[in-house]
Amino acid sequence: MAASYKSQARRVSPRRGKVSSRIREIDSAKDAANVVRPGPHSKVNVYFSHHLWVAISTLGSLCRSPLSTLLTSSVIAIALALPAGLYVLLQNVQQLSSSWENSSQISVFLKQGQGERQAQNLREQLLRWREIKAIQYISAEQALAEFRQSSGFGEALEILDQNPLPAVLVIQPAMDLAQAAQLEALRAKLDNLPQVDQTLLDMQWVLRLSAMIDTGKRAVFILGALLFVAILLVIGNTIRLTIFNKRQEIIVTKLIGATNQFIRRPFLYTGFWYGLFGAFMAWLLVVVLMGLLKGPIDDLALLYDSEFTMNTVGGDASLSLLAVGILLGLLGSWLAVSRHLKAIEPK
């Protein structure tokens, strides 16, 4: 009886083993089926988390070598600050010349024999013109008195039998007449009046100044382009040295299946930080230099009774400078990585 039970137990025990193994397979299959695969939102979170981790890690590696980071950023800052500072100065000069253009005047010399009543009637008639903002009347006697005081020929003028100077209407054009062609058209219109002997509009020096400003802007553009190429070379050479130092690490990373995009990412963030640091230092340099020049220039304008105040770097210019620095950093690093990464392949 005992032997039969033992033989029966031996026959059942293998079945129990098979059943238990089958149960374990089913449970593992259920567990695998219950595992939630990462959705698109999870992939996006992983993607941005990796970008954040790479950005912080590259910033930490740059901070661990502060001297080399400072030297590279300083070169970028000087190359960016030079054209940016010149551009801000040209903007101030252009603003000053615009105010001069708006304050231009037309001197209308009346014919001899025109009395004060006739001159006042002409003044009232001209004030109704849309192109004219204000008119100042200077009589012949006032003109002679001013000439005697400013020229120093008072005794010589006493010899003359009559006043040789005519009455003058000093015309202030409207604010919308800022172009030289519009002012010249108004001058020609005034010159055709029968009471007018001659008109004078001195715009040549303003036109010369405007041409000089345009030339300066083009020179700043050319200088900026050359310095931008220099920045690309500096960042590209820095990234190239970093790639050579991490050559073995790149080879091992490629052996385990990393893509070029994955390997390129830390170097791109390195260029990003270099461009950001350099642009911020360039902004500081330009702000300091403009601050040093603002006081003397404002004092000089005050001596000439001018309301001109020098503008420093504005918000838009600051953001543009930072954007240019970051773009140059990314572009320089991308060019260097794309060129040298293809040459590093595991054998």
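Q: Which element gives the largest share of the lining of the largest pocket?
A: This is a predicted model, in which local features need pLDDT of at least 70, side-chain atom pairs count only at pLDDT 80 or more, and totals for chains, interfaces and linings use all residues. Residues are numbered from 1 along each chain as its sequence is written, and side-chain values use heavy atoms, with hydrogens and water left out. A pocket is an open set of points on a 1 Å grid over the protein atoms alone, where a 1.4 Å probe fits, with protein on both sides within 12 Å along at least five of seven lines; lining residues have an atom within 4 Å of a point. Helices are DSSP runs (H or I, at least four residues) numbered from the N terminus, and the largest share of this lining, 7 residues, comes from α2.

Q: What is the volume of the second largest pocket?
A: Of the 17 residues lining the second largest pocket, those closest to its centre are Pro 83, Ala 84, Tyr 87, Phe 228 and Leu 321. A volume is the space filled by probe spheres set on the grid points, which are joined across faces, edges and corners. For the second largest pocket, the value is about 430 Å³.

Q: Which helix gives the most residues to the lining of the second largest pocket?
A: At least two residues each are supplied by α3, α8 and α11 (315–341). The greatest contribution, 6 residues, is that of α8.

Q: How far apart are the end C-alpha atoms of helix α4?
A: The expected span of a helix is 1.5 Å times one less than its number of residues. For the 12 residues of α4 (residues 116–127), this predicts 16 Å, and the end C-alpha atoms agree, being apart by 16 Å.

Q: Which residues of α4 are buried?
A: Buried means under 20% relative accessible area, exposed over 50% and partly exposed in between (1.4 Å probe, protein chains only). By that criterion, the buried residues of α4 are Ala 119, Leu 122 and Leu 126.

Q: What is the angle between the ring planes of Tyr 269 and Phe 272?
A: Rings of Phe, Tyr and Trp (its six-membered ring) pair if their centres lie within 6.5 Å; planes under 30 degrees apart count as stacked, over 60 as edge-to-face and the rest as tilted. The count comes to 4 aromatic pairs. Tyr 269 and Phe 272 form an edge-to-face pair, 6.4 Å centre to centre, with an angle between the planes of 75°.
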